[in-house]
Amino acid sequence: MLKGLEEFSQRRENVPLSSNVVIGVFAVIDSMAIFLSGVVLHDRLIFGSLFDADNYIASILFVWLISLFVFHYAGLHEFKAIMSPFNSLVQILVATFTSFLFLMAVLFALKVSDSISRVWAFSFVLTSFGAIFLARIIGCYIIYYLASTGLFARNVVIVGGGKQAEKLLEQLESEKPKLNNVVGVFDDRYKRIGSVVGGVPVIGDLENLEGYIRLNRIDDIIVTLPWSADDRLTSIVARLRTLPANIHLGSDLVGFRFKFRPSPKHFVGIPMMEVVKAPLSGWGVLIKWFEDKILAILLIALFSPVLLAVAIAVRFESPGPIVFKQRRYGYNNEVFFIYKFRSMYHNSSGRDDAKVKQATRGDTRITRVGNFIRRTSLDELPQLFNVVMGDMSLVGPRPHAVDHNEEYAALIAGYFARHRVKPGITGWAQVNGLRGETDTLDKMEARVRYDTYYAENWSFLFDLQILARTAFVGFVGKNAY
């Protein structure tokens with residue numbers, strides 16, 4: 001479990017805290033406070049089994065549901081309110097009592113108010129308020145403390161070293177809790193602006209930025225250039241959007257004179273707008289991690305007889321290793337070894353003039369067993385172990401050979417945007433017919449468009465849709481050979 005959590009945190013010491021995660025956690029904490037208050041008070045005051053008291057169970061569930069709505073519309077599940085529980089004391093009190101007023105109204109309307117102890121009801125409202133408030137104070141203290149240690153810090157880089165950057169850094173320095181760690185500034189004028197801007201080191205220019213982000217875990221990029229330089233801003237954003245990080249436009253100088261809502265909420269009180277969102281952030285990272293691990297292990301168990309049968313068939317048809325491995329580019333352009341059942345005769349490396357040669361129709365290097373497992377995609381089954389190891393996902397852009405990556409990256413603008421998520425065993429391009437040989441530039445451009453769309457529109461339901469379509473149409477295709 002510890003090894004999995006280390007992988008989940010992307011092999012970094014700090015775990016970037018998302019405002020959406022904080023909101024979700026505190027919604028669960030509020031719910032637990034309400035449930036425990038109702039159940040414990042029933043046990044202490046009514047002295048009977050809660051499961052024999054349908055009205056009490058219904059009352060607790062009703063208060064919980066109404067509280068979620070009231071807290072939401074009262075702004076109590078906003079990041080700022082969560083991080084300042086004492087300032088939200090009155091709102092919490094009013095929201096809690098409002099939920100119980102709804103309960104009383106329903107009980108009287110249904111003429112079942114006599115079945116509920118008034119002592120329990122009033123104790124329930126007071127205890128729920130106290131439990132929610134106390135839990136928020138403790139939770140807030142824990143977040144402040146862990147933020148001060150740097151555990152929850154989000155690594156941030158600034159693009160631009162002018163007055164906008166200085167104003168931004170000034171506000172970031174005063175934020176509480178301190179969730180954003182600015183690691184450096186990048187500016188094409190770095191030789192003129194000096195080695196430090198607002199107490200933060202100037203690391204280099206835009207040419208250095210992409211390499212730096214690929215070598216270091218960066219969560220957010222903030223571009224702090226004058227908004228009048230719209231062509232320059234557009235060019236920079238287009239260049240950076242292939243990187244696996246959130247991109248924000250910092251405010252122009254006038255924006256620091258007026259208050260408006262920040263985006264996202266973990267940049268508290270700082271005027272900016274988000275223009276590119278990382279494919280996986282907040283709860284999405286955890287959902288994708290569990291999706292991959294649980295389903296991959298289940299599929300390995302389900303297909304174990306098939307894995308064994310294919311391994312035996314490959315081994316006995318021709319000499320050579322059962323499993324073939326090859327270097328591929330994965331998440332954030334990191335190289336990993338992909339596993340497949342060997343489908344070609346051993347020593348048919350598929351390399352021509354130091355370049356990987358794609359399989360073609362009637363390829364003489366492919367064995368009879370290999371022809372079958374390639375058409376049915378059974379050769380891809382060992383990649384389930386790639387998923388368990390964390391190099392791949394079940395769903396994502398198909399990883400290309402290193403040579404092909406370098407070739408097409410030079411020909412297709414935004415090619416590396418497909419590397420903003422982990423590569424997958426199946427993907428949006430594959431279930432839309434773009435599977436197998438890509439013998440023309442148009443085919444590869446179409447595949448990149450589908451892969452980029454997936455990276456920018458990921459959701460758990462989208463993954464389930466792709467997996468369902470793969471089960472019906474993805475394993476057999478005319479383009480696979």
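Contact, as the word is used in this report, means heavy atoms within 4.5 Å. The model is predicted, so that local features need pLDDT of at least 70 and side-chain atom pairs count only at pLDDT 80 or more, while totals for chains, interfaces and linings use all residues. Residues are numbered from 1 along each chain as its sequence is written, and side-chain values use heavy atoms, with hydrogens and water left out.

## Overall composition

The protein has 18 helices and 11 strands. These elements are DSSP runs numbered from the N terminus, helices being H or I with at least four residues and strands being E with at least two. Of the 481 residues in the protein, 48% are buried; buried means under 20% relative accessible area, exposed means over 50%, and partly exposed lies in between (1.4 Å probe, protein chains only). Among the contacts with a separation of 6 or more, 74% join residues 24 or more positions apart.

## Nonpolar cores

A nonpolar core is a set of buried Ala, Val, Leu, Ile, Met, Phe, Trp, Tyr and Cys residues joined through side-chain atoms within 4.5 Å. The largest such core has 25 residues, and those with the most contacts inside it are Val310, Phe341, Ile373, Leu381, Trp428, Tyr454 and Ile466. Elements that give two or more residues to this core include H11, strand S9, strand S10 (393-395), helix H17 (441-456) and helix H18 (460-474). Helix H12 gives the most to this core, with 4 residues. Val310 touches Phe341, Ile373 and Leu378, not counting residues up to four places away in sequence. A second, separate core of 23 residues includes Ile60, Phe100, Trp120 and Phe129.

## Helix pairs

Two packed helices are described by the angle between their axes and the distance between the axes. Here the axes are lines fitted to C-alpha atoms, for helices over the stretch in contact, and angles run from 0 to 180 degrees between N-to-C directions.

| Helix pair | Axes come within | Crossing angle |
|---|---|---|
| H5 (residues 89-109) and H6 (residues 118-148) | 10 Å | roughly 150° |
| H9 (residues 206-215) and H10 (residues 230-240) | 11 Å | roughly 30° |

The angle between H5 and H6 makes H5 roughly antiparallel to H6, whereas H9 is roughly parallel to H10. Angles under 35 degrees count as roughly parallel, over 145 as roughly antiparallel, 65 to 115 as roughly perpendicular and the rest as oblique. H5 passes H6 in a right-handed crossing, and the crossing of H9 and H10 is right-handed. A crossing is right-handed if the near helix is turned clockwise from the far one by less than a right angle, and left-handed if anticlockwise.

On the H5 side, the residues that meet H6 include Leu89, Phe97, Phe100 and Met104, and their counterparts in H6 include Phe124, Phe129, Phe133 and Arg136. The residues of this contact of H5 with H6 divide into 13 nonpolar, 2 polar and 1 charged. Ala, Val, Leu, Ile, Met, Phe, Trp, Tyr, Cys and Pro count as nonpolar, Asp, Glu, Lys and Arg as charged, and the others, Gly among them, as polar. In the other pair, Leu206, Glu207, Leu209 and Glu210 in H9 meet Arg232, Ile236, Arg239 and Leu240 in H10. The contact of H9 with H10 comprises 4 nonpolar, no polar and 4 charged residues.

## Individual residues

Ser59 is found in helix H3 (residues 54-73) and is buried, with a relative accessible area of 3%. Not counting residues up to four places away in sequence, Ser59 touches Leu103, Leu107, Ile116 and Trp120.

Glu291 has its place in helix H11 (residues 283-302). Glu291 is buried, with a relative accessible area of 4%. Leaving aside neighbours within four places in sequence, Glu291 is in contact with Ala296, Leu394, Trp458, Phe460, Asp463 and Leu467. Glu291 and Val395 are 104 residues apart in sequence and 9.8 Å apart in space, C-alpha to C-alpha.

Asp391 lies in the loop between H14 and S10 and is partly exposed, with a relative accessible area of 25%. The C-alpha atoms of Asp391 and Phe337, 54 residues apart along the chain, are separated by 8.3 Å.

Most residues other than glycine have a negative phi. Asn333 has a phi near 65°, a positive value; Asn333 lies in the loop between strand S8 (323-329) and strand S9 (335-341). Ser377 has a phi near 65°, likewise positive, and lies in the loop between helix H13 (368-375) and helix H14 (383-389).
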